[in-house]
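I opened the coordinates to look up a few local features. The entries below follow the order in which I checked them.

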Amino acid sequence: MGWNALKAAAGAAAGRKITDLLAAEGRAEAFSISAGDLFFDYSKTTMAAGDRDLLLSLYAATGVAERREAMFSGARINETEDRAVLHTALRNLDGGPVLVDGADVMPGVLETLARMERFAAALRSGEITTPGGGRFTDIVNIGIGGSDLGPAMAVQALAPYHDGPRCHFVSNVDGAHVYDVLNGLNPASTLVIVASKTFTTIETMTNAETARTWIAAKVGADHAGAHFAALSSAVDKTAAFGIDPARVFGFEDWVGGRYSVWGPIGLSLMLAIGPEAFRAFLRGGQAMDRHFRAAEPLENLPVMLALTGLWHHQGCGHPTRAVLPYEQRLARLPAYLQQLEMESNGKRVTMGGEDAPAVTGPIVWGEPGTNGQHAFYQLIHQGTGVVPCEFMVGAEGHHAELAHQHTLLIANCLAQAEALMVGRSLEEARALMRDAGLEGAELERQARHRVFPGNRPSTMLVYPKLTPFVLGQIIALYEHRVFVEGAMLGINSYDQWGVELGKVLAKRIEPIVAGDAAPDALDPSTRQIIATLQRQRG
C-alpha cells in the first residue's frame, strides 16, 4: 500500500462517471463535511468509497496525526532550519501554554498582540498623530512574499469592515510599483509600515528608502521617521532607520512568512478593520485549529480537502488545480494560496534527503468568478487536459440592495460545477444544430465544436458570509491542508530554499547590469542580454 497503489486506484477510476457515483443514494451526504461555518462538498469527483479508504489508510500510515501534534506542541518540525512551526500560537487567544525549548511563548505572543491593539486604536482614534498634528489617513505596507500577500489579500477580502485609514501595498522592486502607489497620496498624512523580519530584504528595503525620501521631501528628514512603523525583529536596524522602538513589532523565527498574517504582519489589516474585528479573524483561525486537532479524519475538513487534492494530483496525475472564489473580494486569494502551496510543498526531497516518493506540489492558480468564466473556463471545459476546480461561494453578500446580483453569482458558480460534471454529448450537440437548421457535414462539423467532455471534477466550499471570523477559518483550513499533504509526502513544508539561489545570483549580476563590473564570468546568453539592455537604454 502506498503511492503506487493510489496511482493504480486512480487509473482504475479513469473511466468512472461522476454522474453515476452521484446517482447512488447518499453519495452527496457521504462525501461532504461541515466544520463550524464551513461546508465542503467533494462528491463531484471520481473518488469512490474504496479510494477514500485507501487515502485514509495512507494518511494513517504516514504518521500525520503524530506530526500534527508535534507542530502544535512546539517541536522543531522544520528540521532543515531547526525551527518550530507555531503560527497557530499567534491565534491561540484562550488556549493553554505553548512551549518551545521548555519556555511558554504565549505571554510574548499576547503582549505583542496587545501592543499592536494599543497602537492601532490610538492611530485610528487620532490620538497618535502626524508630526504636524494631523491624522494619518493612509497606510502603505511595504513587504514582499508573505509580508505582502497575506495582508493585501485579507484587507481586500474584508473591505466591508474597513473603518480606519486607507491601506495600500507595495511589494515589487520595480520602481513603477512604489511610484504608482505613492503618487496621489499625501506624504504628510501617510504612515509607512516596513515589513521585513530581518530588515534586510532587498526589495522591501529598496522600496522603504524610496518612501523615506518621498516623505522627507515633504516633512523634512528630521520628521520622516515619525511616519514609519516596522514589523521586524531586527531592532538595531529599525532604530538606525529612524523608527521609534514603540512602533516596532517583532515576531519569532517559528513564524514563517507565508503563515504570518496572524501576527504583526497583519498590522495593516488591524488598522483597517480595528482590533475587535482582527480578534474575530484570529478566532476563526483558532476554531479551525481546534477542529483540525479534534475531528476524526473522515470528518476533518483540512484532512479531506488534502486527501481530495492528493487524489487529483498524486493519484490521477492532474498537474494543476484552479481555485475559483465566487467572491470578488477574494480576488487575491488564489495568489495567496499559490505561495502557500507552491512555496511550502514545491520540494523534491524528503526530510531525510531522499527523492520524494511521489510528485509533490501542484500548480495552483485561479481568478474570482464570474471573471474567469470569460477568460480561462474555455480550457477547463473543453481543453485536452483536466483541471480539478475548487469553487467557493458565500450564502449571502454584504449589500442587501444587491441581493439579486448575489443570487446570480451563486447560480453561475453552481452552474459551472454542474457543467463540468455533466458536459454535453455529441448527440445533444447534434440536436442543437438540427434545431438551428443545419444538416449534413456542416451539422456534424458544428456539433463537434459544441461537445463538452464533462466528467471533470470539482469541489465546493460554502460559507454563510465573508466575515473576519469566516476568513480566518478559510485561511487556516488551507494552511492545514498544505500541512497534511506535505506530511503525507514526507517533505518539509516550512523551508523555502528554492527562493535563495536567484537572490544570490542577482547580487552578482546587479553591478554588471549597472556597468560597474565586467560580465566575463557570465554565460554567453546572459552577456548578450545585458549588452542588449545596456544598448537599448543608451
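I note that the model is predicted.

Entry, surface. I looked up the nonpolar patch formed by L501, V504 and L505, and its area is about 270 Å². I placed V504 in helix α21, residues 500–513. V504 has 52% relative accessibility, so I list V504 as exposed, the cut-off being over 50%.

Entry, sheet. I traced an open sheet of four strands, ordered β6-β5-β7-β8, with parallel pairing. β6 (166–170) and β8 (228–231) are the edge strands; each has a single partner, so one side of each lacks a neighbour in the sheet. On average, neighbouring strands are turned by 20 degrees against each other, direction ignored. I then followed β5 (residues 138–142), which pairs with β6 in the parallel sense over five bridges. For N141 I found F169 in β6 as the bridge partner. Helix α8 (residues 175–182) lies across β5 and β6, and I noted its angle to β6 as about 165 degrees.

Entry, backbone. I found a cis peptide bond between G369 and T370, with omega about 10 degrees. T370 sits in the loop between β10 (363–365) and α16 (377–382).

I also looked up positive phi values in residues other than glycine. D82 has phi near 55 degrees and belongs to the loop between α5 (64–72) and β3 (99–100). At 49% relative accessibility, D82 is partly exposed. N455 has phi near 60 degrees, and I placed N455 in the loop between α19 (440–449) and β12 (458–463).

Terms used. Residues numbered from 1 in each chain as written. Predicted model: local features only at pLDDT ≥ 70, side-chain atom pairs only at ≥ 80, totals over all residues. Heavy atoms only, no water. Pairing = 2+ DSSP bridges. Helix = DSSP H or I, 4+ residues; strand = E, 2+ residues; numbered from the N terminus. Axes fitted to C-alpha atoms, helices over the stretch in contact; angles between N-to-C directions. Contact = heavy atoms within 4.5 Å. Patch = residues over 30% accessible without salt bridge, like charges linked within 9 Å, V, L, I, M, F, W, Y side chains within 5 Å. Areas by Shrake-Rupley, 256 points an atom, 1.4 Å probe, with all protein chains shown as cover. Salt bridge = Lys/Arg side-chain N within 4 Å of Asp/Glu carboxyl O. Buried < 20%, exposed > 50% of the residue type's maximum accessible area, 1.4 Å probe, protein only.
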